[in-house]
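Trainee: Hi, could we go through a model together? I'd like to ask things as they come up.

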Amino acid sequence: MSRRSAFVPKSLRRTAPRPIIILVTDPGPDPDDVKVLIAATVAHIRGDIVLRCVVCNGGGAPSARARLARCVLDHLRAYEVPVGVGSAGETRTPYSYEYNLDGYHDVDNARLIDGTALIDSVLQNALPRSLTWLLISSLRDFVDAVAREEELVCSKTKRVAIMGGLQRVRRELIVPDPDCSPNTQETRLLAANAWDSWEPDSSQNNVFDRQAASVAYSWCFRRGVPMIVTSRHVVPPIPMELAISFASRTCCPLLKYLAAAQEEGLKGLWIRLCHGELPARCSKRWYFESFCGTDASTFSARDYDGLGPDADMTRYLHGSLKPYDVVCLMTVLPATETLFRGLADSVFAGGAVHHLLHDPAKATVGSAQVQQLLYKTYQHASAITASHTGDELAGEKVHVLRGIECPRWKGCSSHHVITDVGTNVPDGTTAEQPTTAPDNGVAIRAWDGAEEKCPASRWKHALAT
């Protein structure tokens, strides 16, 4: 906020409408999807976005993945966000860590909604050009929605953000050369339309369903539905220690899940690599450079190439990860979307401008900016879960953000400032009553009065900054 806007009454400031997001994801095998779930839910609780619904697909187990998403949302108390069961995709055997989150087995399947019905309901009740699709898995559910209700999807969609990728196509069109004989023709490289100039690349979300990917991109080009496409080539590495450090010093089940899934996932990746199950570009040296912080000379000197599938990789995992899906989320979050201005190639098609983040020479967002988002996300998640488990953040004082809406009590529209997780406030304190906690003298002030009283357990809910 600028200094000038700080003096303008809040009610008179002009603010952009919050993005209303349909998130289609495949949590489980890749912790990156769970990071997006946590970050998007925190942004929803903060009032930065409206997470309208989550639809889970893929792996032949969309119901299991939807249960995982529901469990994540429940830990963050986002009970109001519905979770749908999407398309099945190709069946695969899940890894042992995928659903090892506290509370997962307690999720009632009756709380899950059919993904098709959920998407259709959201579309029918949305205002024109209001919805943002965030697609970080197979594009099948988006394409199926287009097939069912093409005009509805087109009229209600503001933009489509895809973690995927496009590559240029050079198509040869045969054009008669007037200077040559009728039997002689000149071959020229031409492209008549944008949807003929680009095709899905080899990114995993495209590979899940190549036909759906081809239809999704070409439809958005043809119908002028703006896209923001994030390629894996523009995602910066971040230290894998970030989630581990939070998990080690908090009692947050979500961060403990992320840390464990991250480690177990990379150990499983090593085994698959040794068994020749990964693409040829994924060598042992690539693994050590990517995830172990080991350069080529050290790799050779220590003969890491001789390690086999039985090696204990835990001792080596001190490198970095690429948070592909998190960067895709950042392209639509109000606080971070401006970071990408000027980094994308713009393609005009169907009367709309589409932004393609695919050139690593210019389209890479800073690693520090991604880390900052995740750091704040993990702080918020730790505070939220601590507030309803009775735990504190390893005894640390947590300063919290002003003006957070309390979504935990039906009818409560209070906003509050709390300076310690675990601060005690008497039951029955209303949003109209500034209060001083009796145990430590920490002042708690609330405004924007509520009709219903907010119990003490809800006041203890704090969002760390």
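Trainee: What should I know about the model before we start?

Mentor: This is a predicted model, so local features need pLDDT of at least 70 and side-chain atom pairs count only at pLDDT 80 or more, while totals for chains, interfaces and linings use all residues. Residues are numbered from 1 along each chain as its sequence is written, and side-chain values use heavy atoms, with hydrogens and water left out.

Trainee: Great. How many helices and strands are there in the chain?

Mentor: The chain has 16 helices and 19 strands. These are DSSP runs numbered from the N terminus, where a helix is H or I with at least four residues and a strand is E with at least two.

Trainee: And what share of the residues is buried?

Mentor: Of the 465 residues in the chain, 51% are buried. Buried means under 20% relative accessible area, exposed means over 50%, and partly exposed is in between, using a 1.4 Å probe and protein chains only.

Trainee: What about contacts between residues 24 or more positions apart?

Mentor: They account for 74% of the chain's contacts with a separation of 6 or more. A contact here means heavy atoms within 4.5 Å.

Trainee: Switching to holes. How many cavities of 30 Å³ or more turn up?

Mentor: The search of the whole structure finds two. On a 1 Å grid over the protein atoms alone, a cavity is a set of points where a 1.4 Å probe fits but cannot get out, and lining residues have an atom within 4 Å of a point. Grid points are joined across faces, edges and corners, and the volume is the space filled by probe spheres set on them.

Trainee: Which residues line the second largest cavity?

Mentor: Its lining is made of K35, I238, P239, M240, L242, A243, Q262, L321, L374 and Y378. Two or more of the lining residues come from each of β12 (238-239), α10 (241-249) and α15 (367-389). The second largest cavity holds about 40 Å³ of space.

Trainee: How does that lining divide into nonpolar, polar and charged?

Mentor: Eight residues of the lining are nonpolar, one is polar and one is charged. In that scheme Ala, Val, Leu, Ile, Met, Phe, Trp, Tyr, Cys and Pro are nonpolar, Asp, Glu, Lys and Arg are charged, and the others, Gly among them, are polar.

Trainee: Now charges. How many salt bridges does the count come to?

Mentor: It comes to 14 salt bridges. Each one needs a side-chain nitrogen of Lys or Arg within 4 Å of a carboxyl oxygen of Asp or Glu. As background, side chains of opposite charge can pair when their charged atoms come close.

Trainee: Which residue does E98 pair with?

Mentor: E98 bridges to R92, with the closest N and O atoms 2.9 Å apart. E98 is buried at 0% relative accessibility, whereas R92 is partly exposed at 27%.

Trainee: And where do K267 and E263 lie?

Mentor: Both are in helix α11 (residues 253-274), four residues apart, about one turn of the helix. K267 is partly exposed at 24%, as is E263 at 30%, and E264 is partly exposed at 32%.

Trainee: Let's look at S87. Is S87 buried or exposed?

Mentor: S87 is buried, with a relative accessible area of 16%. S87 sits in the loop between β3 (83-85) and β4 (113-114). The side chains of S87 and D141 make a polar contact of 2.8 Å; that term means a pair of N or O atoms within 3.5 Å, where within protein one must be able to donate a hydrogen and the other to accept it, and residues adjacent in sequence count only if both atoms are side-chain atoms. Setting aside neighbours within four places in sequence, S87 contacts C56, N57, G58, P62, R140 and D141.

Trainee: Last one: what is the phi of R77?

Mentor: R77 has a positive phi of about 65 degrees although it is not a glycine. R77 lies in the loop between α3 (62-75) and β3, and is buried at 3% relative accessibility. D303 also has a positive phi, near 55 degrees, and is not a glycine, but D303 is exposed at 52%.

Methods. On a 1 Å grid over the protein atoms alone, a cavity is a set of points where a 1.4 Å probe fits but cannot get out, and a pocket is an open set with protein on both sides within 12 Å along at least five of seven lines; lining residues have an atom within 4 Å of a point.
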